[in-house]
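Q: I would like to learn how to read charged and nonpolar features in a structure like this one. Could we go through them one at a time?

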Amino acid sequence: MDELRRGSSGPQVRTLQALLAVLGYYHRTIDGFFGEATQKAVMEFQNNEIDFRDNEFVEVGVVGEDTWNALFQKFNQINFARLIKQATDTLNAATTAQQAASDAVTQALNARNQADKFQKDAQTAKNQTDELRQAAQTAKTQAETARNQTDTFKQAVEKVKNQVEEDRNKTRDALAEAKQQAEDAKQQADEAEQEFNRAKHQAEDAKQQASSAAQEFIRAKEQATEAKTQAQNAKEQFELAKAEALTATQKADEAKEEAKEATNQAQLATDKASEATNQSKLATEKASEAKKESEEAKADAEEAKKQASAADKARQAAEKAQEVTEIESARVAIAGAVSRSSAAQKQALLAASEAEEAANKAALTAQKATILEGDAENGAKMAESAEPGSPVASNARNRANQVKELTKGVHEKNVIAQSQKEIASSQSNEAKTQFQQAESAEASFKSQDNPTVEFARNLVTTASGADTKAKEALQKANAAKQLAIDAALEANKKFSEAETAAKGIFEDNKAAQQDVDNWDVVRKIFELPEASTISTPPPSSDKPTDSTPSNPPSDNNNQNGNEDDVQKTLDADAQANWNLIQKLFAIELDTKATSDQKNSQNNKDTNQSNHGIEKPGNTIPLVRALN
């Protein structure tokens with residue numbers, strides 16, 4: 001057997017609890033869980049049955065090899081002692097029967113001494129002796145049967161030991177399989193952890209990419225702002241150059257006018273004409289310079305236009321980067337929703353499993369309650385059959401009704417547990433459906449090479465909704481699980497109460513059933529009729545009733561007188577036996593006989609051939625008071 005300690009569970013813990021219960025250390029429900037009550041019982045057994053000086057490696061409160069051996073050794077001792085006691089009791093009963101047969105033989109020998117005078121009565125006594133010898137042989141056969149039963153009990157004990165060994169092997173195999181499953185689950189958990197780490201690294205990379213894109217967008221935005229500022233400056237310079245060119249043109253026109261005036265007056269003032277020509281040349285040069293500055297301003301405007309176009313492209317790039325960031329955020333949100341809905345699904349499945357386990361326990365309790373109800377009803381019927389109308393029978397019937405009422409509660413709680421199991425299972429399926437919906441949204445997102453922001457937002461909404469519904473399903477599954485567990489615990493509590501009430505029936509019936517068995521043995525030994533047809537006993541006085549006719553024929557006075565003596569002797573023996581039975585089994589008889597019955601008893605034929613231990617009188621039902 002494996003080492004068991006607090007927190008252990010399974011068939012071996014159930015075997016341990018059964019052994020401790022038989023040995024009188026464990027008084028709780030045998031549920032297969034090593035809790036505080038089981039540990040306390042183990043410690044009490046170890047303190048009473050194990051010498052720690054010779055077993056220094058025994059750990060208190062833990063069931064190891066030494067404790068297992070001590071348990072089975074004590075169990076075998078108690079079982080063999082009980083079997084030996086049962087066999088001894090049976091042999092004692094057989095010895096008592098043999099003694100009674102011996103006493104009957106002695107009485108038969110006394111009757112045989114009187115048979116010298118009355119050959120007919122002697123033959124009757126001989127027949128009675130043969131019958132009593134047959135009773136003794138029957139008692140001997142019963143003793144042999146008791147010895148055979150002892151052997152049968154020994155075989156049953158050996159069978160129990162073999163079954164315990166087989167359970168031990170099965171438990172060892174189940175433990176190995178559970179260990180392998182635990183290793184597989186650990187490997188799967190490691191793989192899941194590695195997958196989670198990879199996903200975590202991918203999320204961190206995506207986060208860095210999004211951060212880089214955001215920084216690039218900020219730089220592009222700054223460049224666009226700078227380009228816009230430069231374009232504004234170029235525009236202002238262009239306006240200024242345009243104003244200067246306009247001023248130069250106006251000055252050139254004025255110079256022209258002056259030149260015309262100078263030409264008209266050239267002949268009058270040559271010097272003034274030359275001076276005007278020089279001024280005209282200067283004005284022309286200024287006009288050329290103004291034209292050149294205008295062309296430069298135009299070139300600057302073109303450059304500013306190019307810079308504005310670059311700024312627009314930078315703005316578009318920034319908007320694109322923002323879309324990429326938002327789509328990546330959507331990817332992360334969808335992955336988170338899928339992860340949360342997956343966790344909700346697993347927890348809902350676990351809740352459904354626990355609810356199913358609780359419902360199965362409730363169903364098992366309901367089955368045991370049905371059996372217990374039938375046993376209680378049979379116990380009540382046994383008590384009513386053994387002693388109709390007695391307090392024992394009434395008490396048994398009341399307890400049977402109490403058991404029936406309690407088992408009704410067990411069945412009601414079982415119905416609740418089964419209903420909650422279905423609800424938990426339904427909610428588990430709902431959580432699974434929502435998880436599949438979130439997975440479908442994630443798959444749709446991954447299948448798009450260049451998803452749009454609107455498409456990503458719609459999928460985020462779908463995945464988040466599935467996540468929310470999965471959590472709601474989990475809450476409902478947990479609530480159903482708790483209700484199922486509560487119902488199973490309540491059913492188990494009511495079953496325990498019903499079991500206690502049912503035990504009371506059988507405890508009360510033990511003495512009554514033992515009296516019934518004893519009465520059957522005595523009835524067989526003394527060849528008494530069934531209880532319902534036992535005749536009324538002789539009068540309570542020590543003198544037997546004279547059953548001879550009051551007016552015997554005158555020609556047979558001597559013979560009838562001798563027969564009278566024999567009849568008196570036989571009736572006295574019968575009365576003594578009957579008094580013994582009354583004393584042993586507290587039998588009360590209804591002695592209210594009718595006058596016709598009394599006349600029938602007085603007129604009984606004195607020449608009847610059977611003068612054995614049959615009760616004289618007429619058949620009146622008896623009432624046995626069972627203690």
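Q: How many residues apart are E328 and R331 in helix α5, and what separation along the helix is that?

A: Please keep in mind that this is a predicted model. Side chains of opposite charge can pair when their charged atoms come close. Here E328 and R331 are 3 residues apart in helix α5, which means that about one helical turn separates them, and they form a salt bridge in which the closest N and O atoms are 3.4 Å apart.

Q: Which side chain meets that of D467 in a salt bridge?

A: The partner of D467 is K471, at 3.8 Å from N to O, and both residues lie in helix α7, 4 residues apart, or about one turn of the helix. D467 is buried at 4% relative accessibility, while K471 is partly exposed at 39%.

Q: Which residues are linked in a network of salt bridges?

A: Such a network links E3, R5 and E59, and the count of salt bridges comes to 13.

Q: Which helix contributes the largest share of the negative patch?

A: Helix α5, spanning residues 270-386, supplies 7 residues to this patch, the largest share; the members of the negative surface patch include E285, E289 and D300.

Q: Which residues touch the most other members of the largest nonpolar core?

A: They are L16, L20, V63, W68 and L71, in a core of 20 residues. Helices α1, α2 and α3 each give two or more residues to this core, with α3 giving the most, 5 residues.

Technical notes
Residues are numbered from 1 along each chain as its sequence is written. This is a predicted model: local features need pLDDT of at least 70, side-chain atom pairs count only at pLDDT 80 or more; totals for chains, interfaces and linings use all residues. Side-chain values use heavy atoms; hydrogens and water are left out. Patches are made of residues with over 30% relative accessible area and no salt bridge: like charges are joined within 9 Å, nonpolar side chains (Val, Leu, Ile, Met, Phe, Trp, Tyr) within 5 Å. Accessible areas come from the Shrake-Rupley method with a 1.4 Å probe; for residues, only the protein chains shown count as cover. A salt bridge is a side-chain nitrogen of Lys or Arg within 4 Å of a carboxyl oxygen of Asp or Glu. Lys and Arg count as positive and Asp and Glu as negative; His and the chain ends are not counted. The place of a charge is taken as NZ of Lys, CZ of Arg, CG of Asp or CD of Glu. A nonpolar core is a set of buried Ala, Val, Leu, Ile, Met, Phe, Trp, Tyr and Cys residues joined through side-chain atoms within 4.5 Å. Buried means under 20% relative accessible area, exposed over 50%, partly exposed in between (1.4 Å probe, protein chains only).
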